[in-house]
Each structure stands twice: as structure tokens, then as C-alpha cells.
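Q: Hi, I've got a structure open and would like to talk it through with you. Could you help me find my way around?

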2 protein chains.
Amino acid sequence: MGGDSGPAAVVAGIATSASKNPEIGFVLNGPRDLLEPLVSKRRVLSGRVEYRDAADVVTMEDRPSQVVRQGKNTSMWSTLEAVRDGSAQGAVSCGNTGALMALSMIRLRKLPGVNRPAIAVLWPSRNPQGFNVMLDVGADVRADAQDLLQYALMGASYARNGLALKRPRIGLLNVGTEDHKGRPELKQAQALIGRFTDVANFDFVGFVEGSDIPGDVADVIVTDGFTGNVAIKTGEGTAQLIGDLLREAFKFSPLSRLASLLALTSLNRLKKRIDPRRVNGGVFLGLNGTVVKSHGSADATGISAAVKLAFQLSKSGFSEKLAQRVAYTAELSQDAGAPSGSATDENRKEGRA
Amino acid sequence: MGGDSGPAAVVAGIATSASKNPEIGFVLNGPRDLLEPLVSKRRVLSGRVEYRDAADVVTMEDRPSQVVRQGKNTSMWSTLEAVRDGSAQGAVSCGNTGALMALSMIRLRKLPGVNRPAIAVLWPSRNPQGFNVMLDVGADVRADAQDLLQYALMGASYARNGLALKRPRIGLLNVGTEDHKGRPELKQAQALIGRFTDVANFDFVGFVEGSDIPGDVADVIVTDGFTGNVAIKTGEGTAQLIGDLLREAFKFSPLSRLASLLALTSLNRLKKRIDPRRVNGGVFLGLNGTVVKSHGSADATGISAAVKLAFQLSKSGFSEKLAQRVAYTAELSQDAGAPSGSATDENRKEGRA
């Protein structure tokens, strides 16, 4: 209910998914009197939708803390409840990211050993697989060295399951690749992550820079949620600006208009290659359950992509595999020792509760 | 001497500048026996180059602290000395950014009232002027609320002088535009910057997101040097990836190759519009003197653009105007009160020394 385009786009999206994949069913959360007429127009959805009536909607302006306290009757709460009680194997939402993460932590709970869950996205890159995993892109504006280690472990698991990479290469985002660059927690994290390459089955390439996010030196880019969020939005904005200028350029003269017609197939292939809608969906990592956050402005294509991602992750048992991996390494990570600083220790105790 | 392409690219760049602008002369710093043969090949430079012999070179791997202690015989030191003693009106370097900033702070000193100098760049945007100013993009990985206020003041001055905007719009980079988003220092900075709009003659649009860096809601994007550095490198990397994919797309079939020929003029215009070489040069703001940091991999076109920028800033007396502006607002900023926290107060005392 909380997406920019409202429930019509969501229903159009699940209709697309339904027609592509006969194995999917849906639990739709929101005002039933509003949703049912939309669904009944799509024959492909007939008999495949269960409703959970929920009167309220979390808006983009609502504060997460407020939603946690007063959001019991919202469609977002109802959606997570469906995952919690096992009616749904995964949740997809186009709504308020902060509220979705806060509610997910309260209702689904963090995996044992995880302090801060993270949001991971796929980003178009020069890698053979065409994408890099990047996390955190906005679950939490803070991250200490232990959090960054957990992001590395979770990102590696996601890359193995989501991109079918046997031994993903992890990079730690910094302002330079030299050892003396960056903030203290990054230097601590660099030392810490390096100790887990064998036990957690990844390669660690050390510090990487912003230019490596669309590059090919790493498969997983680890950073805090503030930096990650700014980086992906800058990348998206830059790509959109270039796309718009390109369209303008092709409209400039009769000759360039003819050129654009001739190049149509090539340009469409390029567009498809970097279309953010095709990889729509930030995956929440570190929770008991699969939650995919679709772009707020997603259309049917975008929503269908997010549903596909949730389906694949649920089907592959990714959440359970990740839980095992984190539990296994959490003990080792404790042995490796948290960097000095009581805040970190406190956080970790809380995370293990 | 420290650029990726060595002194040949620098000499080619100043030759380009010399042929475009009869008012420019050059002080070249480095091993004279190496530089003189390169210069003598360019007739346009005849009689317009003065040499300062310097045997050592600061490499990209050198630590700033090391260069400050042991760099007396480097070309970088010599270059800044030429600005310091008034032989040159501005410095241009393609070398190690951290070392250049550290040496600049030691040799040219910070302006009274400035705690942390910043590096500002121009970024292609949807604004009528075609560019936004963004700072800090890498002078310092830290910035507290007072630093961010100074960046806003310095960025506004740069936008007035560099982009001829009468009343630039300042935006503070965050992970969302709502007031509750982001880190504590950003909330403090938001309150602080808002108090200076009239006295410092700018508009404050509040929080902006990564997507606004190439957008049109602000003319100046204020952020810390860590986030800013990651953002511009992500933007550059994304633009390069799209450019490469575009070239591939046009090579795909005989039809698309023909299309690229027909669209050549349009594509070149687009390329020129967003070519980072054309706006090559990070300007160091907050120092007694003009220092422009060119991209390390700059070619002749890039270096010529950096020289042009240094020339324009020196000629317009920008450094002096900025000094007046900062001095004027520094007192007011003190009156407005630093946010609680002794570190901030300490920093500011140091900055005023």
C-alpha cells in the first residue's frame, strides 16, 4: 500500500509474476475492499491470492519508531506477520524503508550473532556475472568493525546463493586502497575480515574505492548504510542524467533521429543491461525470514522483479543457510576479539540475545 | 611530476593553455634536466616558463605525514613554495591528493576561521549552469557540524565566483530528506547552516540525497570528505561503465555501426557535456592561496582545464574574497554557538590560531 504508485502497480506486478511462474501464490495485505476489485480484473491471479485485511498504511513520512509503536493495523505489519506465522515464505514491500527494517527487526527478529541487519542490492558492474552485491545501502547509518565483518559474511553468502559464485571476492569501501587511508573502524575491519577468508570461504581484496562499485575487482562491496545509500543514489542519478542527455542528443537533428532508429536494438539491449527495475529489490540480510524492499517508485516490471527475487531466495533456503553461516562464524568472530571499545562489546551482546 | 602520465602530459597541457591564453606564464617545478627538453619542443612555451629545480617526486604511495617531514626537495613542495613566495598566483598538481593537502596546510596555512579546508569539484548536473559544486570530496574523512557550516560558506562563495550564481542553493547530503534521517552531526549542521542564509547570501534547501548530486534542487552539495569521495568515484565509475557499454552496443551489428556514424555529432556533444576532463580540477578551499588538484590520470586536455581554473580563480581574486567571507562569518558562527562537545570547540580554537 505504501509505494509511490499505490496498490494498482503492486497488483499489476504480481500478475506479471503469476503469469511467468505457476509456483507462486500471494498473500495480499491492505484494505480488502480496495484490493479485491484490482485483483479480480486479472484472470491469472484467480484463486492464487489470499487477503489479510489491514486498514492503515505506513506512509513515506512516518518515523520508524512511530510505526513500531502504533503500526499494528498497517498493511506493512500484516505483511511481516504473514512471514512470521509461516503463511508466506517471504515479504515484498514498496514502502518506507526505515519502517520496514524497524518492523522486521521487531517482528522477525535478528539472526543470532547479527548486531545490525543490512540491506543488500545488486549493482550493474563489469564482472562476468554482470552485477556486484553491495551492502549496507541504508539499514543503519552506523557500522563498526564487527558490523562490517558481519556484512562481509552475509554479502559472501548472498553472492554464493544469488549470483552462484563459489568463492566471492569481498572489498571494503574506502577513499583509497592504501592501508593508511580512511576511518579507524575501516582499518580495524580490514584486519578482522582478513582472518575469515578460509573459514567463510571468500577472498578478501582489501580496500576498494567508489569506482570499484561498478567495476570488476570485487563481487561484494562492504560499507556502512550511510555511505552505501549515498553511493547507490549517486550512481542511479548519474545513470539517469546520462540516459536523459542521450535521449536529447538523439532528438537533436533528423540525422540523429534516424540514427536512434537504426541503433534501437542495441540501445534497448544496453538499457536492459543496466535497467535498475530488472534487479529491483534490496534484500534485508540478518533476519529470521526473507524480506525484499522494492523501490518505492517501482512499476509492474520492478515489482515483478522483486517478487522473483523473494521467490528465489525463499526457494533456495537462503535465509536458513545464512543463519547457519552467521552462527558458525559468530563464535569464531568473538574469539578473534572485538576491537577495543565497550560500545562494540555491548552491541554484540545485544546481537547475541 | 607525480601524475600517472608523468611530466610529458603536464608540458603538453600547459602548451595547450599557453596557446589559448596569452596572459598565462608558468613556473615548472621538478628536475630541470628532464623538464627543459620537453618544454623546448613546444614553441608556444618559449620565454613563458620559469624553472624551479627539484630532484624528488612525491609518489601516489607516499604518506602525507612522511611528505610533510621529508618532502623539502620534492616538486610538490617547490610548487607550493612558489605560491607562498608570490612567484606564482596559483598551484596545479596531478599528484598525491593527501600529500598535496597536507603540504598546502603547512606551507600556505589555513584561512583564519577555517578548521578543515575542503576540496570542491564541479559535477555535471541538470541545473541551468550545467554543474553543481560538491565539497568536501576528500580533504578530510571527518567533518563535524561546524566544519559542514564552513563548507557551506566556502561552497557558496565558490558557486558565486566559479558559476556566477548570485544566490546559490546549498544542500546538505544525507540518506533522506526528512528531518529525522541521518547522523547527529548532520542534524546539528542543518540547524546551524539555516541561520546563515541571509548574512552569507545563499538559500538553504536542507537535506538532499545522492540522486540530487547530478540533479537540480541545489547548486552546492555539502558533505564530509569520506562520503563525497565515495560519491564522486561511484558517479565517475558508473558514467564510464555506461560509456563503455554504449560503445559496445554501437559496435554490435553493421546497422548499429552505421547508426553510430550518423549520431556522431550528437554523441560527441553529449560526451563533451559530461566529459570529466573539461571540468578537471578539485579546488582546495580554505587556504591562503589557490591550489587546484588535477586528476592523477589527466591528459593534456585535463591539465589545460585545471590550469584554466587556477588562472580564473587567481585572476578574480577569489581566494581573497573567500577569506573576507569566512572571516566575517566566523565570528557570527562563534556567536551562533558550536554544538555541544569539547572536540568541536577545540578544533575551532585550533582553526582560529
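Predicted model: local features only at pLDDT ≥ 70, side-chain atom pairs only at ≥ 80, totals over all residues.

Q: Which residues of α7(A) are buried?
A: The helix covers residues 184-194. Its buried positions are A:Glu185, A:Leu186, A:Gln188, A:Ala189, A:Leu192 and A:Ile193.

Q: And where do they sit around the axis of α7(A)?
A: They span an arc of only 160° around the axis, so they are on the same side of α7(A).

Q: Nice. What does the sheet in chain A look like?
A: Chain A has an open sheet of eight strands with mixed pairing. The order is β3-β10-β9-β4-β5-β8-β6-β7.

Q: Which strands stand at the edges in chain A, and why is one side of each left without a neighbour?
A: Those are β3 (90-93) and β7 (203-208) of chain A. Each has a single partner strand, so one side of each has no neighbour in the sheet. From one strand to the next, the twist averages 25°.

Q: In which sense do β3(A) and β10 of chain A pair?
A: They pair in the parallel sense, over four bridges. Strand β10 of chain A covers residues 290-293. For a specific spot to look at, A:Val92 has A:Val292 in β10(A) as its bridge partner.

Q: Switching to chain B: in what order do the strands of its sheet come?
A: Chain B has eight strands in an open sheet, in the order β3-β10-β9-β4-β5-β8-β6-β7, and the pairing is mixed. The edge strands β3 (90-93) and β7 (203-208) of chain B each pair on one side only.

Q: How do β4 and β5 of chain B pair, parallel or antiparallel?
A: Antiparallel, with five bridges between β4 (residues 118-124) and β5 (residues 131-135) of chain B. Within that pairing, B:Ala120 has B:Leu135 in β5(B) as its bridge partner.

Q: What does helix α5 of chain B lie across?
A: Helix α5 (residues 97-107) of chain B lies across β3, β9 (282-285) and β10 (290-293) of chain B. The helix runs at about 175° to β10(B).

Q: How many residues of chain A are in contact with chain B?
A: 52 residues of chain A are in contact with 52 residues of chain B. The helices α8 (225-251), α9 (254-262) and α10 (264-274) of chain A each supply at least two residues to the side that touches chain B. Of the elements there, α8(A) gives the most, with 19 residues. The copies meet through the same surface, because 100% of the interface residues of chain A are also interface residues in chain B.

Q: Last topic, confidence: what is the mean pLDDT of chain A?
A: The mean is 88, and 92% of the residues of chain A reach 70 or more. Over residues 338-353 of chain A, though, the pLDDT is below 50. Beyond near neighbours in sequence, that stretch has 19 contacts in the model. The model scores are ipTM 0.85 and pTM 0.87.

Methods: Residues numbered from 1 in each chain as written. Chains lettered and ligands numbered in written order. Buried ≥ 20, exposed ≤ 12 C-beta atoms within 10 Å, placed from the backbone. Arc of directions from axis to C-beta. Contact = placed C-beta atoms within 7 Å. Pairing = 2+ DSSP bridges. Axes fitted to C-alpha atoms, helices over the stretch in contact; angles between N-to-C directions. pLDDT = per-residue confidence, 0-100.
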